[in-house]
Amino acid sequence: MKKARIIGTGSYLPERVLTNLDIEKMVDTSNEWIKARTGIEERRIAAENETTSDLATKAAIAAMDMAGVKAEEIDFIVVGTITGDYPWPATACLVQQKLGASRAVAYDISAACSGFVFALDAAVKQIQTGAARKALVIGSEILSRIIDWTDRNTCVLFGDGAGAVVLEAAEGPNGILSTHLRSDGTYWELLYQAGFGARNPASVEGIEQHLPFLKMQGNEVFKVAVRMLSEVAQEALTANEIEIGDLDFFIPHQANRRILEAVAKRLKLRADQVYINVQSYGNTSGASIPIALDEANRAGRIEEGDLLMFDAFGGGFTWGAALVRW
Ligand code: UT7
C-alpha cells in the first residue's frame, strides 16, 4: 500500500494578542493562576471580519507554497473544526471555493480537539486506497466565538488559529506510519456546546442561559485526557515496534502544560522530545497540532528521517495518535 507523506506545512495565527493581564480585567482570575494551572501566557483572537475558513485558507496556502502544489492538484480537503463558519455547509467546501481547488472532494470532521488527527486519518486512507493522490488536511478554529467570556473556568484556556499539511502519495519508508483513533461517547457531557443544534434550537431563552457557549468540567476532562493520551501513544509505539526513546518529536494537542507534563512523565519522554507552545497560543483545539508542527518545521528543527508522534484528545470524547517518519 502507498504511504501518505507530509510535503508541506502551514499555519496562520490572527494578529490580535490577548494576554493573561487582559483577561484579569474581564473575570476574577490572575496571571499567576493561569500560568501555574495551564502554562498559558497569551492567545490569539480572530478579527471581527475573520472566519474559520479564512484562517484555514491562509494556513493551506502556506502549506501548498511549501509543498509546491497548486490548488487544481488537490484531490481531497478535510477540515477538523468545531467552529465552522456556518453549521453547514462544511468549512472545507468554503476553503475549496477560496482556493479554487475545483477537483477536490471536501468535508469537515467534528472531533473537537482531536480534529486534526481524525482528519489526518481520513486523508491517509484516501491516499492509501488510491482515491486521492494529494490531500489538504487542516485544523482551524475560532474558539473565541463560542467561549463564555464571563466564565473564568473556560475563557482563560482557548485561542484561535489554523494549521495545515499537504499530503502526497509516496513510495518508500517515509510518511505516516500509522494512525490510531478512539472514541467514548459516555463522556460527552463533560465537554460540549449545548446550543444551538437540534437538541436546543436557537431561542432567546437559550442565549440567556448561555447555551451557545462551550461547557467543560475541566478537572474531570483532565484526568481522562492524561490516561487516554498516554494509552493511545503507547498503542502507536507498540504497533510499530518503536521505543519511546526513539521519538524525535512528540507533538501533542496543546491543552494545558500540566496535562502534557503528566503524559510525558507516564510515557517516560525526555523534555527535549516534547514540543510545547501552549504558552503562546492557548488551546486552539483541532488547530494546535498542525500549528506546532509548522512552527517546529519552519524553525528547521525537523529533519528527514525523524520520527514524530501526534497525540490528541478532545470532546466526544475522542482521542488518537499518529506516528510519522519525516
Ligand atoms: O482540549 C481538550 C479538552 N480540555 C482540556 O484538556 C482541559 C482540561 N482541564 C484543565 O486544563 C484544568 O482542569 C483547568 C485548567 C481547566 C482547571 O485546572 P484545575 O487545576 O483542574 O482546577 P479546578 O477546576 O479543580 O479548580 C480549582 C479552583 C476552583 O476553586 P475552588 O472551588 O477550589 O475554590 C476554581 O473555581 O480554581 C478555581 N478556578 C480559577 N481561579 C482563578 C477555576 N478557574 C479559575 C481561573 N482563575 N481562571
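A nonpolar core is a set of buried Ala, Val, Leu, Ile, Met, Phe, Trp, Tyr and Cys residues joined through side-chain atoms within 4.5 Å. In this predicted model, the largest such core has 48 residues. Leu-247, Phe-250, Ile-259, Leu-269, Met-309, Phe-313 and Phe-317 are the members with the most contacts inside this core. At least two core residues come from each of helix H8 (218-239), helix H9 (257-267), strand S12 (307-314) and strand S13 (318-325). The greatest contribution is that of H8, which gives 11 residues. In soluble globular proteins, nonpolar side chains tend to be buried together.

**Overall form**

The protein contains 11 helices and 13 strands. Its radius of gyration is 19 Å, which agrees with the value near 20 Å that a compact globule of 326 residues would have. Along the principal axes, the C-alpha trace spans about 55 × 45 × 35 Å. Of the 326 residues, 57% are buried. The protein exposes about 13900 Å², and carbon and sulfur atoms supply 49% of this area.

Contacts between residues at least 6 apart in sequence join residues at least 24 apart in 77% of cases. As for charge, there are 32 positive and 42 negative side chains, and the centres of the two sets lie 3 Å apart.

**Helix H11**

Helix H11 covers residues 288-298 and is mostly covered, with 9 of its 11 residues buried. The buried residues in H11 include Ile-289, Ile-291 and Leu-293, and also Ser-288, Asp-294 and Asn-297.

Leaving aside residues up to four places away in sequence, Glu-295 touches Tyr-275, Asn-277 and Tyr-281. Tyr-275 is 20 residues from Glu-295 along the chain, and the C-alpha atoms of the two are separated by 9.8 Å. Just after H11, Gly-300 takes a positive phi of about 75°.

**Backbone geometry in the loops**

Most residues other than glycine have a negative phi, and most peptide bonds are trans. The table lists sites that depart from these patterns.

| Site | Feature | Angle |
|---|---|---|
| Trp-88 to Pro-89 | cis peptide bond | omega near 5° |
| Gly-195 to Phe-196 | cis peptide bond | omega about -5° |
| Ala-112 | positive phi | phi near 50° |
| His-210 | positive phi | phi about 60° |

Pro-89 lies in the loop between strand S4 (76-80) and helix H4 (91-99). Phe-196 is placed in the loop between strand S9 (191-193) and helix H7 (204-208).

Ala-112 belongs to the loop between strand S5 (105-109) and helix H5 (115-128). With a relative accessible area of 11%, Ala-112 is buried, because the limit for that class is under 20%. His-210 is found in the loop between H7 and strand S10 (214-216). At 28% relative accessibility, His-210 counts as partly exposed. Thus Ala-112 is buried, whereas His-210 is partly exposed, and each has a positive phi although neither is a glycine.

Notes. Residues are numbered from 1 along each chain as its sequence is written. This is a predicted model: local features need pLDDT of at least 70, side-chain atom pairs count only at pLDDT 80 or more; totals for chains, interfaces and linings use all residues. Side-chain values use heavy atoms; hydrogens and water are left out. Helices (H or I, at least four residues) and strands (E, at least two) are DSSP runs, numbered from the N terminus. The radius of gyration is taken over C-alpha atoms; the globule rule is 2.2 Å times the number of residues to the power 0.38. Buried means under 20% relative accessible area, exposed over 50%, partly exposed in between (1.4 Å probe, protein chains only). Contact means heavy atoms within 4.5 Å. Accessible areas come from the Shrake-Rupley method with a 1.4 Å probe; for residues, only the protein chains shown count as cover. Lys and Arg count as positive and Asp and Glu as negative; His and the chain ends are not counted. The place of a charge is taken as NZ of Lys, CZ of Arg, CG of Asp or CD of Glu.
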